[in-house]
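Please look through the sequence and the structure below before reading on.

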Amino acid sequence: MGPAVATDTPDRHAAFRSVPLIRALAEPERRTAWDHARLRTVRRGEVLVAQGAPTETMLLLLDGEVTSIAVAADGRDVSLGQWSGPSVVDKVTMFAETHHLGSVIAETPATLALLPFDLVRAAIHRSTDAVEHVLRRVLDEARSARRAFRDASTLTSLERVARWMMTTAAVGVQLEIPRPQERLARQLGMTRVTLNRVVHQLVRDRVIDLDGSTVTIVDSERLRRIAQL
């Protein structure tokens, strides 16, 4: 897992207690969990857990963003999920698998608390609220992963990009394409080159305008039809 960072500032303690799973535990369980937490700061691009590693340690993301990435048979990097702090990373794997199905990689500088999984599991079993919380969050995450898998399996690259644009720009006609573009490409199950090609196809077809990384939707009805929404 790499070296732990021993500094436990009040801000990090507050972030730890704000993780929804920790909030669901009783106060004595929260104190015990904090006493056993190992804090770690990571740089953008750093691998936190390798694909295939055993799920012995629970990752609590206090701040920053991380992604779980699996290498497909054709060599593509496929995003299995993304998390922003404060949250438990990869809940489905933590509670339903014995090994990580993908490598967990920091998308931004981040701070994590590492906890022995057996300790957390025992604490959850002693709290009805925590059990209900885990079931609800794992189901939500599993449904999201299933929808992403379905879209990657049944929609074309053009349809996937259009759907992402429609859902991201739900409150307006503009959105930002994240940088680096590889992150969005992994999320949509394609390469950066394919993503770039599809975006410029939509520009040529006068469905969107592009200014740097800012997308303006010009023809929302046509984009909705392409997205099959």
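This is a predicted model: local features need pLDDT of at least 70, side-chain atom pairs count only at pLDDT 80 or more; totals for chains, interfaces and linings use all residues.

## The chain as a whole

Taken along the principal axes, the C-alpha atoms fill a box of roughly 60 × 35 × 35 Å. Among contacts with a separation of 6 or more, 69% are between residues 24 or more positions apart.

Of the 229 residues of the chain, 43% count as buried. The accessible surface comes to about 12000 Å², and 51% of this area belongs to carbon and sulfur atoms.

In soluble globular proteins, nonpolar side chains tend to be buried together. The largest nonpolar core of this chain holds 25 residues, of which Phe16, Leu21, Ile22, Met58, Leu60 and Leu115 touch the most other members. The elements that give two or more residues to this core are helices H1 (10–18), H2 (20–24), H3 (27–36), H5 (117–125) and H6 (128–154), together with strands S3 (57–63) and S8 (110–116). Helix H5 gives the most, with 4 residues. Apart from this core lies another, of 23 residues, among them Ala162, Met166, Val199 and Leu223.

What does Met58 touch, if residues up to four places away in sequence are not counted? Its contacts are Leu21, Val88, Met94, Phe95, Ala113, Leu114, Leu115, Phe117 and Val120.

## A cis peptide bond and Ser87

Most peptide bonds are trans. The bond that joins Gly85 and Pro86, however, is a cis peptide bond, with omega at about 0°. Pro86 has its place in the loop between strand S5 (77–84) and strand S6.

Ser87 lies in strand S6, which covers residues 87–88. Is Ser87 buried or exposed? Because its relative accessible area is 10%, under the 20% that sets the limit, Ser87 counts as buried. A polar atom of the side chain of Ser87 lies 3.0 Å from the backbone oxygen of Ser84. When residues up to four places away in sequence are left aside, Ser87 touches Val19, Pro20, Leu59, Leu60 and Leu61.

## Thr67 in strand S4

Thr67 is found in strand S4, which spans residues 65–71. With a relative accessible area of 0%, Thr67 is buried. Its side chain makes a polar contact with the side chain of Glu107, at 2.7 Å. Not counting residues up to four places away in sequence, the residues that Thr67 touches include Ser79, Trp83, Ile105, Glu107 and Arg183.

## Two residues with positive phi

Most residues other than glycine have a negative phi. Arg206 has a positive phi of about 60° although it is not a glycine, and this residue is found in the loop between helix H9 (192–204) and strand S10 (208–211). Since its relative accessibility is 68%, over the limit of 50%, Arg206 counts as exposed.

Gln228 also has a positive phi, near 60°, and is a residue other than glycine. Its place is in the segment after helix H10 (220–227). Gln228 is described as partly exposed because its relative accessible area is 49%, which lies between the limits of 20% and 50%.

How values were computed: Residues are numbered from 1 along each chain as its sequence is written. Side-chain values use heavy atoms; hydrogens and water are left out. Buried means under 20% relative accessible area, exposed over 50%, partly exposed in between (1.4 Å probe, protein chains only). A polar contact is a pair of N or O atoms within 3.5 Å; within protein, one must be able to donate a hydrogen and the other to accept it, and residues adjacent in sequence count only if both atoms are side-chain atoms. Contact means heavy atoms within 4.5 Å. A nonpolar core is a set of buried Ala, Val, Leu, Ile, Met, Phe, Trp, Tyr and Cys residues joined through side-chain atoms within 4.5 Å. Accessible areas come from the Shrake-Rupley method with a 1.4 Å probe; for residues, only the protein chains shown count as cover.
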